[in-house]
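Visitor: Hi! I'm new to this one. Could you walk me through it?

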Amino acid sequence: MTEPMEKTDGHPEGHRDLPLPMADSWQAACDVYQRAITASEVESKTDPENEPYRSKYRARELLREVRALLAPGAEEESGRQGGSQGDEGDEEEEEEDHGRLQAARLAVIEFRLGVNHTVTEELSAGEEHLVKAVRLLERSRMSPDCVSIYVQAQNELGILWSDRGEIIIAQTYLESAESLYCQYMKKIGKPPTDPDEFFTLEEQTVTEQERAKRSVIHHPPPILLLSNRFGLRFERIYTHTLYYLAQVYQHLKQYDKAAQYCHTTLQRQLEYDGYKPVEWAINAATLSQYYLAKQYYMEARHCLAASTVLFSKAGKIPSPEAAKETDESEQERLDHLRQKKAEIARCWIKYCLNLLADARKQLEDNIGELHVDLQEELKAERKKQEDEKENGRKKAVLFGSSDLYDSILAVEEKVDCSLPLDFKEAREVFSPKEYFELDGHVTDHIEVIQDHSALFKVLAFFEEDYERRCKMHKRRVDMLEPICKELNPQYYLLICRQLQFELADTYYEMMDLKVAIGNKLDEMDSHTIKKINSLAQSAIKFYEMFLDSLRSPDKKFPEKLEDDVLRPALVAKFHIARLYGKLITADVKKQLENMQISLNYYFFVVSYCADHEEAVKSVETELELTKEMVALLPARMERLRMQLSSFS
């Protein structure tokens with residue numbers, strides 16, 4: 001062997017002057033270790049389907065051979081050096097260093113064997129090796145030689161117990177790994193030894209200076225410059241710790257904490273260049289939905305903008321026609337990309353929809369119309385509040401380097417994150433059409449169209465012109481009605497019910513708008529009357545279709561409605577009653593007939609609520625109006641009968 005290198009405080013290259021296995025044996029151990037890594041990480045990718053773990057089993061045997069080459073009895077000796085609690089104060093420093101180095105080498109082998117067994121689905125054996133690795137390093141876990149492998153072993157044990165469904169045990173291991181990383185960074189901070197360096201020949205050994213140099217990130221964000229001095233691989237290991245902890249907290253329903261760890265994981269993946277663009281983009285888009293539920297629109301927008309930018313790094317997606325010219329595997333890859341692009345687009349739609357819906361809730365009065373006075377007050381207050389809020393939160397959520405952030409900011413600027421207060425602002429939220437361009441590969445195509453319809457519905461709230469508002473609702477009908485006709489209720493009953501009820505509601509809204517327009521005229525013309533009646537009849541048709549879907553196979557309406565359809569069914573009955581009362585006709589007999597039908601529907605709602613007291617809370621407002629109509633309609637009908645008899 002060559003002359004030993006100068007000792008460098010705790011790294012393997014500083015131990016070459018200590019007792020080692022015989023030169024030939026040591027070289028053999030390094031060679032066998034490298035063959036084991038190649039078998040596990042390279043050759044295993046081409047294993048045949050009927051022997052999926054062939055290379056993994058080969059790697060396992062090679063790792064056992066390395067362990068045997070380290071020297072007879074080395075495991076027991078290292079266990080005393082690395083894991084014993086006995087008094088070693090009288091031992092020589094060199095012997096102590098050698099014991100730690102030997103323990104670290106054996107721990108690497110045990111760790112590799114543990115991962116090998118877990119990959120081949122032998123969890124008990126995997127746990128045994130991983131626990132042994134942890135025990136070997138317990139006493140020296142804070143040293144640069146041992147900290148990286150210790151954290152990795154804790155990570156793997158956390159994953160193993162999570163796979164067993166033992167989330168609390170998994171949490172213990174992962175939080176232990178997190179705590180050790182934080183302590184090491186605070187107290188020592190130098191780039192730790194990478195596990196594979198323990199089995200590198202002296203002439204291939206990385207010096208501490210080279211290790212630090214390799215840790216430098218090419219494009220560090222300004223707020224994280226200090227992390228440049230830490231080892232890149234170790235930082236990625238810790239990122240994995242946070243990633244697994246995010247999943248653990250999600251399982252434990254600690255959603256706020258899970259989101260916090262997920263966000264930090266995404267930030268670190270960008271910082272240390274350890275991510276796959278499509279996977280990262282989908283995770284960021286998913287995180288946006290958490291912020292959306294919290295009404296943190298600035299954070300949600302930032303996640304979606306970053307998702308869009310990072311997804312673009314996956315490459316341009318050709319049209320379906322152009323993709324047909326590629327081979328089957330490439331077509332599958334492109335189909336996957338199209339599907340993921342659609343998922344991100346769906347999240348943008350949800351963002352816009354929620355932003356508009358929350359703005360509507362803030363602005364509507366007690367009858368569901370725009371509160372103009374409140375609108376002006378909110379406009380005056382908003383800018384100051386939003387500026388203060390954004391300045392207070394932005395630093396905590398930024399993704400990426402300065403160059404990447406510029407691209408993210410460019411996407412953010414296309415969509416506002418403050419609640420719109422008038423039609424112009426609402427239309428700007430609705431505008432970015434590229435987020436809504438979805439192709440035929442989207443499996444949830446119907447839900448996408450429902451979201452589009454919902455966007456038009458909320459946008460219409462901000463439009464003060466009734467004719468233009470009516471046209472927006474017509475767009476909704478044009479989207480939904482063709483799908484409703486095509487779907488077979490036998491297979492898509494729930495979706496059919498949703499579409500039927502939404503179409504009925506849309507026609508109902510349009511009828512109300514046409515009545516309001518007609519009431520402004522000195523006298524309704526025949527065209528307006530015909531349009532009102534047509535819209536009312538269309539609404540009745542779809543409400544009846546919805547109610548018919550609730551009937552049993554023998555066409556009987558249920559005596560007791562299920563909870564999920566209770567309110568929709570009673571509201572449908574209430575609206576049908578009102579619609580029959582809105583039909584315009586000069587024929588008195590037809591008027592009486594419509595009023596009788598209307599009374600029957602009103603009476604159903606009153607009777608049902610009388611028989612099922614639990615239903616009252618679901619339709620309190622409608623029930624109050626219904627009782628009034630049940631009391632008033634008979635008198636009105638009697639007057640019409642008297643009027644009719646006077647002409648006969």
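Visitor: How many disulfides does the structure hold?
Guide: It holds 0 disulfides, a disulfide being a pair of cysteine sulfur atoms within 2.5 Å. Cys-303, for one, is in no disulfide, and the nearest cysteine sulfur, that of Cys-262, is 8.0 Å away. This is a predicted model, where local features need pLDDT of at least 70, side-chain atom pairs count only at pLDDT 80 or more, and totals for chains, interfaces and linings use all residues. Residues are numbered from 1 along each chain as its sequence is written, and side-chain values use heavy atoms, with hydrogens and water left out.

Visitor: Is Cys-303 buried or exposed?
Guide: Cys-303 is buried, because its relative accessible area is 0%; buried means under 20%, exposed over 50%, and partly exposed in between (1.4 Å probe, protein chains only). Cys-470 is buried too, at 4%.

Visitor: And what is the secondary structure of the chain?
Guide: The chain has 24 helices and 0 strands. Both are DSSP runs numbered from the N terminus: helices are H or I with at least four residues, strands E with at least two.

Visitor: Where is Arg-476?
Guide: Arg-476 sits in helix H19, residues 466-486. With 2% relative accessibility, Arg-476 counts as buried.

Visitor: Which residues does Arg-476 touch?
Guide: Leaving aside residues up to four places away in sequence, Arg-476 touches Ser-453, Phe-456, Lys-457, Glu-502 and Thr-506. Contact here means heavy atoms within 4.5 Å.

Visitor: Switching topic, how many salt bridges are there?
Guide: A search of the whole structure finds 30. A salt bridge is a side-chain nitrogen of Lys or Arg within 4 Å of a carboxyl oxygen of Asp or Glu.

Visitor: Why would such side chains pair?
Guide: Side chains of opposite charge can pair when their charged atoms come close.

Visitor: What about Lys-485 in H19?
Guide: Lys-485 forms a salt bridge with Glu-481, with the closest N and O atoms 4.0 Å apart. Both lie in helix H19, 4 residues apart, about one turn of the helix. Lys-485 is exposed at 64% relative accessible area, whereas Glu-481 is buried at 12%.

Visitor: And which salt bridge does Arg-641 make?
Guide: The side chain of Arg-641 meets that of Glu-638 at 3.6 Å, N to O. Both residues are in helix H24 (residues 620-647), 3 residues apart. Arg-641 is partly exposed at 37%, and so is Glu-638 at 40%.

Visitor: Which residues are linked in a network of salt bridges?
Guide: Glu-41, Arg-112, Asp-194, Asp-196 and Arg-233 are linked that way.
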